[in-house]
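Q: I would like to go through this structure with you, one topic at a time. Could we begin with how the strands are paired?

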Amino acid sequence: MKYDTASRRYWAINAGLFGLVVLLFAGSVLIGRGFELLPAKFAEIAKIDRALAWLVLEQVRLPRAALGVLVGATLGLTGAVLQGLLRNPLAEPGIIGASSGAALGAVLVFYFGLAAGGAMAVQLGGVAGALLALVTLYLLVGRHAAIVTLILGGVAITAFSGALTSLALNLSPSPYAAMEIVFWMLGSLSDRSMTQVWFVLPFMIVGWALVASTARALDALTLGEDTAATLGFNQTSVKARAIIGTGLAVGAAVSVTGVIGFVGLVVPHLLRPLVGYRPGGLLLPSALGGAALVLAADIIVRLPVGGPEPKLGVVTSLLGAPFFLFLIMRMRRDTA
Amino acid sequence: MTELVLRHLHASLGGARIIHDVSLDIPGPGFIGLVGPNGAGKTTLIRAIASLIPFEGDILLDGIPLSHSISPNHVRNLARRLAYLAQNAESHWPIEVSRLVALGRLPHLEPFRKMREADEKAVERAMELADVARYRGRDVMSLSGGERARVLLARALAVEAPLLLVDEPVASLDPYHQLRIMEVLENYAKNAGRIVVAVLHDLSLAARFCDRLVLLHEGKIRAAGPPDTVLTDENLEDVYRVKVFSGREGETRYIVPLSRTE
């Protein structure tokens, strides 16, 4: 009936976004530095060594595109979840402190020169940092925390991890280590391997499942916490799933790519009107939209021919911030 | 047949005891008005019944005890049998009216399943009852205060729970919309055989629409029963600290405050 037409529209939006992700994934695999297309590159390398050409595809292009999907989906999904949970369109995945915790963990690995100690040292440090941030948040705010307490706790953790990260830079043993830290923090998908994809995947899947399980509760939260509670959603459990899930998935994402800004903020914001502002209905489109945006931005960073490649996190913020301003201006015009 | 029983209920807020030893028996369907001055504990009492705050004593809904710390299954089961409309309820997102009303069906949905036809019918019934069906496609934030109040009420009606708790449903509405909302609540209680408990400040409306009133004063029940036995001049003067003019127009009683007694 009436709800079916709305639901057809909903699946059409998801199908469209999914198509876009597939297209951009293919683009990410196909397009190289300076817009050099894969077949050309492949032929060139294959002249020397055919196995090497396959290796480029498997170990360079595929993990990069796969990480683009995973990280983008994580940022879009958790951004939508936190905006729904906090009933605030300005919330973003970093707000609970897990991403700055992950950044700090990874930076400490660089600082102590452990990055060369193993392929996964940085990632392990990042995930450990995210988990530590979550535990700290729990110890700070307790089990039945109010939303405001949660936000303040997250802000405190973010500020403290940020300060420690700066301290690590400040006291950095060598300019080279400092450089490494700074570049890593700018956020990038280049030079990643399949090992890293397999490493972050379990954390992300668990995180996604936890946050996705809150979809209906987020719909109920449209009417406030009391009403959501009387609609049968245990608020303590809903908050715990949303926060732990976000911490796990975003912590894993940050540990492998560094900080990629604005995706988790802008994507849910942009897609919300398309799903009729339903917080629960926003989750899937937002995950797909996040994946599409990160893949697209990661293609853009490859376009300059000479010089160093612009970092992904820089590009998403460069594109995201003006776009966000545009949204605010439009909102202001609508309410005026 | 729905039955609500409160036995020796105590509830505190921020360390201060708000509800003292309240016992109440609502043996069957009806529209119950909860009246009393500001700070008497009306909202605390209704929130305790909704299991939103911890309490001591017993609350029995159809013989089943409620408690603040309950298992997820119990929460779900309770959510089907008890609907609550908060004071100053509002929607945080500009969602479509029919979608908002449909949120009332969440307790009835199986995990991962969509709304069934029975749920859609319940949403339609609730929208008809609250007379908001014609706004179904509108964004709830574009409606006027009176329209929005009816939409939010329709959301609570859509649960089709045997017990409906509403906290000041007619505050900040004009006289026309006050009557509309009171009629909706009266019909919900009468036609469907359910219990409606409403916190009310307008004593004339309470006297006119409610089957029974409970007058709360300093966290205790001062009087309970049919409106005429509760809203006596003596009770009103004592509890509200005002002298009132009380008159009748046919069946309808009206109560007008004249002066403060202190």
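Q: Which residue is the bridge partner of V5(B) in β4(B)?
A: In this predicted model, V5(B) has L60(B) as its bridge partner in β4(B). The two strands involved are β1 (residues 4-13) and β4 (residues 56-61) of chain B, which pair in the antiparallel sense over five bridges.

Q: And how many bridges join β4(B) to β5 of chain B?
A: Two bridges join β4(B) to strand β5 (residues 64-65) of chain B, and these strands run antiparallel. The bridge partner of L61(B) in β5(B) is I64(B).

Q: What lies between those strands in the hairpin?
A: The hairpin of β4(B) and β5(B) has two residues between the strands. There, D62(B) takes a positive phi near 50°.

Q: Next topic: in what order do the six strands of the open sheet come?
A: The order is β6-β7-β8-β3-β9-β10 in chain B, and the pairing is mixed. At the edges are β6 (82-85) and β10 (220-225) of chain B, each of which pairs on one side only. From one strand to the next, the twist averages 15°.

Q: How many bridges join β9 to β10(B)?
A: Five bridges join strand β9 (residues 212-217) of chain B to β10(B), and the two run antiparallel. One bridge pairs H217(B) with K220(B), the latter in β10(B).

Q: Stepping back, how many helices and strands are there in chain B?
A: Chain B has nine helices and twelve strands. Its radius of gyration is 18 Å, close to the 18 Å that the globule rule gives for 262 residues, so chain B is as compact as a globular protein of that length. Along the principal axes, the C-alpha atoms of chain B fill a box of roughly 60 × 40 × 35 Å.

Q: What share of chain B is buried?
A: Buried residues make up 44% of its 262 residues. As for contacts in chain B between residues at least 6 apart in sequence, 63% of them join residues at least 24 apart.

Q: Which residues touch the most other members of the largest nonpolar core?
A: They are L34(B) and V196(B), in a core of 183 residues. Helix α3 (residues 50-86) of chain A contributes the largest share of this core, 14 residues. In soluble globular proteins, nonpolar side chains tend to be buried together.

Q: What is L34(B) in contact with?
A: Leaving aside neighbours within four places in sequence, the contacts of L34(B) include K42(B), L45(B), I46(B), V214(B) and L216(B). A run from V197(B) through A198(B) and V199(B) to L200(B) is also in contact with L34(B).

Q: Now the two chains: how many residues of each are in contact?
A: In chain A, 21 residues are in contact with 25 residues of chain B. On the side of chain A that touches chain B, α1 (2-30), α9 (215-221) and α10 (225-230) of chain A each supply at least two residues. The most comes from α10(A), with four residues. By class, this side of chain A has eight nonpolar, seven polar and six charged residues.

Q: Last one: is Y277(A) buried or exposed?
A: Y277(A) is buried, because 21 other C-beta atoms lie within 10 Å and the cut-off for a buried residue is 20 or more. Y277(A) lies in the loop between α12 (263-271) and α13 (283-300) of chain A.

Q: What does Y277(A) touch?
A: Not counting residues up to four places away in sequence, Y277(A) touches R272(A), W93(B), P94(B) and I95(B). Y277(A) and D219(A) are 58 residues apart in sequence and 9.5 Å apart in space, C-alpha to C-alpha.

Key. Residues are numbered from 1 along each chain as its sequence is written. Chains are lettered from A and ligands numbered from 1 in the order in which they are written. This is a predicted model: local features need pLDDT of at least 70, side-chain atom pairs count only at pLDDT 80 or more; totals for chains, interfaces and linings use all residues. A nonpolar core is a set of buried Ala, Val, Leu, Ile, Met, Phe, Trp, Tyr and Cys residues joined through C-beta atoms within 7 Å. A residue is buried if 20 or more other C-beta atoms lie within 10 Å of its own, exposed if 12 or fewer, and partly exposed in between; C-beta atoms are placed from the backbone. Two residues are in contact if their C-beta atoms, placed from the backbone, lie within 7 Å. Ala, Val, Leu, Ile, Met, Phe, Trp, Tyr, Cys and Pro count as nonpolar, Asp, Glu, Lys and Arg as charged, and the others, Gly among them, as polar. The radius of gyration is taken over C-alpha atoms; the globule rule is 2.2 Å times the number of residues to the power 0.38. Two strands pair if DSSP finds at least two bridges between them. Axes are lines fitted to C-alpha atoms, for helices over the stretch in contact, and angles run from 0 to 180 degrees between N-to-C directions.
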